[in-house]
Amino acid sequence: MESEAFTTAQRYADIIDLPHHVSKRHPQMPLASRAAQFAPFSAVTGHDAAFASPLHDPDAAYL
């Protein structure tokens with residue numbers, strides 16, 4: 001395992017210390033937009049409302 005990590009470090013030794021590229025043409029996406037893009041149920045419209053409605057009462061089956 002240790003030799004495998006050493007081999008990987010050797011393969012990327014020429015680029016590992018290069019500075020992070022920042023595009024001059026395309027601005028970075030704001031952090032809030034980036035988080036919203038990967039939110040688990042952001043694509044499901046009305047997801048929160050469906051679970052908050054009285055029709056979806058998980059305790060109703062036990063009353």
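I15 is placed in the loop between α1 (2-11) and α2, helices here being DSSP runs of H or I with at least four residues, and strands runs of E with at least two, numbered from the N terminus. With a relative accessible area of 46%, I15 is partly exposed, that is, between buried (under 20%) and exposed (over 50%), with a 1.4 Å probe and protein chains only. Together with Y12, I16 and L18, I15 makes a nonpolar surface patch of about 430 Å²; such patches join nonpolar side chains (Val, Leu, Ile, Met, Phe, Trp, Tyr) within 5 Å, from residues with over 30% relative accessible area and no salt bridge, the latter being a side-chain nitrogen of Lys or Arg within 4 Å of a carboxyl oxygen of Asp or Glu.

The model is predicted, local features needing pLDDT of at least 70 and side-chain atom pairs 80 or more, whereas totals for chains, interfaces and linings use all residues. Residues are numbered from 1 along each chain as its sequence is written, and side-chain values use heavy atoms, without hydrogens and water.

The chain contains three helices and zero strands, in the order α-α-α along the sequence. Buried residues account for 0% of its 63 residues, and its accessible surface (Shrake-Rupley method, 1.4 Å probe) is about 6,500 Å², 62% of it belonging to carbon and sulfur atoms.

The mean pLDDT, the predictor's per-residue confidence from 0 to 100, is 75 for the chain, with 52% of residues at 70 or more.

Methods. Patch = residues over 30% accessible without salt bridge, like charges linked within 9 Å, V, L, I, M, F, W, Y side chains within 5 Å.
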